[in-house]
Amino acid sequence: KKVITIGAGLGGLLTSAFLAKKGYDVTILEKAPFVGGRFTNLNYKGFQLSTGALHMIPHGEDGPLAHLLSLLNANVKIVNSNPKGKFFIDGRIHHYRKGWKYLGLKEKAKAMKLLAEIRANRLPKGEEASLNSWDWLKEKVGDNEFVYLFIKSFLGWAISLTPEEVPAIELAKEIKATLKWGGPGLIKGGCKAVSEELARIVRENGGKIITRKKVVEAEKGRIITADGTEYPYDILISNIGIKETVELFGRENFDREYLRRVDSLKPAEGIKINIALKGKSKIGNTVVFTLDTERINGYNEPSALSPELSKEGYTLIMTHQAIKSRNIKKEQQLGIEDLYYLFPELERNGEILMVQTYLDKNPVNRVASGNHVDFPMENVYIVGDANKGQGGIEVEGIALGVMKTLQSLGI
Ligand code: FAD
């Protein structure tokens, strides 16, 4: 069977690698001159920054993406963070377990009970499920400032949203996923190590990847690229988003109610700042959630596991923040001001390398976590960050969506 995959991002590469291994005749068409989309490295001033992700996998060695990579025998090394997280408050960094001391006795007991309920799969239902995360936590644990700041940082870091934007069911499922699969891990060599290895597996199994090929139109059984070439397909895998796929087929082919649902899907937007600090590792392989900053929600240090991502003598740090207003200049400025609070040595012993802003057509997530709309056409499958399912954080959600697609295809 002929498979056409539009887009060589993580979702497209992962699905195509499985299909090629199963003997399907796979061709990936990618508009950019490189593969990996928002999941590959970007060489800058001797540092390996990235086109998107922070070189980190949300559930590390034991999560859904690592599972799929091992099924493919991919030669990729992911190393779990240790500790799973830290937090920064009042000018100091603490181990995540120290967080318990900010809760009163009653709040602690309630928080423990909530975690036990989530672990036992007793998740919010009905009206409770659609409460916003903070209203839900206030009800369950109490109006505790530390809990608010922690959840705000976690959600901003993990899915570029605020607690007020995330429904209780989504947060509960993300907590459940974290209890099940554990915390994050860094990728040895960064995002590129994953994307390039998947591309190698596609090619090794007879698949083709054609770059600088933009798909501009789709119809039943064939697609057309910008240079006028036609490609027939039996199965179409679209890695470019749901709205974008609807546009390729033409909006006139979908009913009004469906278009209304697709148009109501919102992206999640964010800003990443890359900095270099002189000297050796600052925090190691972990994430620091920043609680009393104006905008930055957290940071990590990809060079802790892969010194080759950094210029010799420097440490590479990446911060991330959710975007909170349409005044993007101000959002960037507040992030930069946070940097000098978090890293007092930055002025004398460091450098801001690049501020990367992800919004509109190049967001952090094309569909904000927790939202999903199925694609109604036969033999057409959406993969990537527009099809993650509930509770799937970033690329783990992409892996879960790919698993569902493979199941629908009988693989
Ligand atoms: P994409 O990577 O967007 O791939 C889509 C591909 O399709 C692109 O290559 C594009 O060029 C191509 N394309 C588009 N239109 C066409 C067309 N018409 N014809 C042909 N090709 C086309 N996730 C994590 O797990 N951990 C992190 O630490 C993390 N941090 C992040 C930080 C930031 C700042 C950002 C932006 C994202 C982060 N993410 C993280 C999310 C992660 O990067 C994305 O979820 C993931 O890379 C998206 O993959 P995808 O397959 O959905 O799409």
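This is a predicted model: local features need pLDDT of at least 70, side-chain atom pairs count only at pLDDT 80 or more; totals for chains, interfaces and linings use all residues.
I count a residue as buried if 20 or more other C-beta atoms lie within 10 Å of its own, as exposed if 12 or fewer do, and as partly exposed in between, with C-beta atoms placed from the backbone. I number residues from 1 along each chain as its sequence is written.

**Strand 14**

I took helices (H or I, at least four residues) and strands (E, at least two) as DSSP runs, numbered from the N terminus. I looked up strand 14 (residues 235-238) and found both faces covered. Ile235 and Ile237 are buried on one side, and Leu236 and Ser238 are buried on the other. In a regular strand, side chains alternate between the two faces of the sheet.

I then looked up its partners, where pairing requires at least two DSSP bridges between two strands. Strand 1 (residues 2-6) pairs with strand 14 in the parallel sense over 4 bridges, and Val3 stands opposite Ile235. Strand 20 (residues 380-382) also runs parallel to strand 14, joined by 3 bridges, with Val380 opposite Leu236.

**Nonpolar core**

I defined a nonpolar core as a set of buried Ala, Val, Leu, Ile, Met, Phe, Trp, Tyr and Cys residues joined through C-beta atoms within 7 Å. The largest has 109 residues, of which Leu13, Val202 and Ala399 touch the most other members. Helix 6 (residues 145-159) gives the most to this core, 9 residues.

The shell has 34 residues, and the closest are Gly7, Gly9, Gly37, Gly384 and Glu394. Helix 1 (10-21), strand 5 (56-57), strand 15 (270-278) and helix 13 (394-408) each give two or more residues. I took domain bounds from an automatic or database assignment. The ligand lies between domain 1 (2-79 + 187-264 + 369-408) and domain 3 (270-358), because both give residues to its shell.

**Backbone exceptions**

I noted positive phi near 55 degrees at Asn73 and near 55 degrees at Ser160. Asn73 is exposed, with 9 other C-beta atoms within 10 Å, whereas Ser160 is buried, with 25. Asn73 is in the loop between helix 2 (64-71) and strand 6; Ser160 is in the loop between helix 6 and helix 7 (168-181). The peptide bond from Asn82 to Pro83 is cis, with omega near 0 degrees.

Notes:
A residue is near a molecule or strand if its C-beta atom, placed from the backbone, lies within 6 Å of it.
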